[in-house]
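Visitor: Could you walk me through this one? I have not looked at it before.
Guide: Gladly; here it is, and your questions can set the order.

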Amino acid sequence: MTRPLRIAVIGSGPSGMYAADALASQSDVEVSVDVIDRLPVPFGLVRYGVAPDHLSIRSVRDTLDKVLDKPGVRFIGNVEVGRDISLAELHDYFDGVILTYGASRDRRLEIEGEDLDGSVAATDFVAWYCGHPDADRATFERLIPSSTSVAVVGVGNVAIDVTRVLAKTVAELDDTDMPQHVLDTLGTSRITDIHLLGRRGPAQATFTTKELRELGELLDADVIVDPADLAFDAASDEVIRTDKAIARNVEVIKEWSTRVPAGRSRRVHVHFLARPVELRGDDRVREVVVERTALDGSGGVTGTGELTIIAADFVVRSVGYRGTGLDDVPFDAKRGVIPNAEGRVERDGKAVPGEYVAGWIKRGPTGIIGTNKKDANATVASLMADAESGALPSASAGSAREFDDLLASRGIAAVSTAGWRSIDAAERALGATAGRARTTIHETGALLAASAD
Ligand SMILES: Cc1cc2nc3c(=O)[nH]c(=O)nc-3n(C[C@H](O)[C@H](O)[C@H](O)COP(=O)(O)OP(=O)(O)OC[C@H]3O[C@@H](n4cnc5c(N)ncnc54)[C@H](O)[C@@H]3O)c2cc1C
């Protein structure tokens, strides 16, 4: 082949950027990589998921950004595969397509009252405070000033992020890149109580200790744990003995249970063995009916039938993310992933030529950002092996210029790497006006305008 191998990467989150990096870094074959994203800006959940007050984790985007400087790598934002262009059409322009479009839908609790006004998915709340263009701004500008007691359902790191953002003072969030309207709305909060509800025990919760500890170190919020929630069975004792991270978490939680509240403006109540079974309300959610659970001796819980009511006029459901299918792509709806073998997309157990997958949509919403690097590298290794063996389907892919012309002919305002750099500069300049490193521009129109500067 005299021209470079042309690869499209669909999604510019960590897995897409790591895949582009792996392709650009190998020296066997000359490769040109177009990283296509439905949003005008790159980096997926590093921009729109990772908590804005976790500045060092968010700085991963500086590393990801360097990939866009590599020869042969282009960012093509504001192009949604499945809406602006089909996967079948992509095969006309690229020798291979790597699907890295993430898993950004919420899982549901499947309980009565879940859809009452005031009950929201963590995915939506996180999108709002990170300034995602699709976020429902009006809902949160209405809910936050009108709520006093919040229930956050779920005990993973996302539930902790949500709780912390709600419990912090605006001064504690001022050095973040949250849009100004988000900070302004959080400044109107009258929330005094935040209930974090986990159905299992302290030894079964999937927090990382650093994130957990932060909850007990907030400026104007007391953290409260009922000593009665510190239940441990033989399975808990075993996991505490063998898993250092769990043992550390349990120590943090035990220390909290001994604290005397200092009379701060907000209280974070961390509940274990508490399973929400119903949300009740009128025009809006008012309370959560919680069933006490008991450890079953093997890492799970059973219901005890004992019910309590927690007042909550705002409920954030944080019980996980899930992937969705894309037209023409095989999809395992049960697991929420694209079926694959070593990153090769499979239909009925057979590899689909030229189609690959990496990241959350390959393995489900698990692991840390770095997990996606190993995952993307493995997928790229499969692709390169197929290129070497001649298993890629087409040697007649259209050129980059022809692909750009196709998008333009459809009236799509695609954002290039240079366009993204202009947005980046505009966000830094906007941040500087308030003494911050960056302020996120949240509207698609404003992002596109900034990309054209
Ligand atoms: C709230 C939250 C907080 C987190 N915090 C941390 C943390 O502190 N530390 C940590 O290590 N990990 C954290 N994670 C996990 C981390 O964000 C993920 O591991 C990682 O982002 C997954 O990468 P991905 O590329 O597979 O998906 P994503 O990051 O979701 O990227 C997918 C990309 O695909 C694009 N896309 C979607 N559909 C299409 C389409 N049809 N056409 C074109 N583009 C499309 C999206 O716009 C997006 O840019 C967090 C996750 C969440 C949800």
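Visitor: Which helices each supply at least two residues of the shell around the ligand?
Guide: They are α1 (14-25), α2 (44-48) and α8 (157-167), where helices are DSSP runs of H or I with at least four residues, strands are runs of E with at least two, and both are numbered from the N terminus. This is a predicted model, in which local features need pLDDT of at least 70 and side-chain atom pairs count only at pLDDT 80 or more, while totals for chains, interfaces and linings use all residues. Residues are numbered from 1 along each chain as its sequence is written, and side-chain values use heavy atoms, with hydrogens and water left out.

Visitor: How many residues surround the ligand?
Guide: There are 31, the closest being Ser15, Asp37, Leu45, Trp360 and Ile369, and a residue is taken as near when one of its heavy atoms lies within 4 Å. By class, the shell has 17 nonpolar, 10 polar and four charged residues; here Ala, Val, Leu, Ile, Met, Phe, Trp, Tyr, Cys and Pro count as nonpolar, Asp, Glu, Lys and Arg as charged, and the others, Gly among them, as polar.

Visitor: What about backbone atoms, say at Val81 and Ile369?
Guide: A backbone N or O atom of Val81 lies 3.0 Å from a nitrogen atom of the ligand, and one of Ile369 lies 2.8 Å from a ligand oxygen atom. The protein buries 90% of the 1,000 Å² that the ligand exposes when taken alone, with accessible areas from the Shrake-Rupley method and a 1.4 Å probe.

Visitor: New topic: how is the protein chain divided?
Guide: It is divided into domain 1 (5-104 + 323-415) and domain 2 (107-319), with bounds from an automatic or database domain assignment. Their centres, taken over C-alpha atoms, are separated by 34 Å, and the contact (heavy atoms within 4.5 Å) takes 15 residues from domain 1 and 18 residues from domain 2. The shell around the ligand draws at least three residues from each of these domains.

Visitor: And where is Ser104?
Guide: Ser104 sits in the loop between β4 (96-99) and β5 (105-106). From C-alpha to C-alpha, Ser104 and Gly323 are 6.2 Å apart in space, although 219 residues apart in sequence. Leaving out residues up to four places away in sequence, Ser104 touches Thr123, Tyr321 and Arg322.

Key. A polar contact is a pair of N or O atoms within 3.5 Å; within protein, one must be able to donate a hydrogen and the other to accept it, and residues adjacent in sequence count only if both atoms are side-chain atoms.
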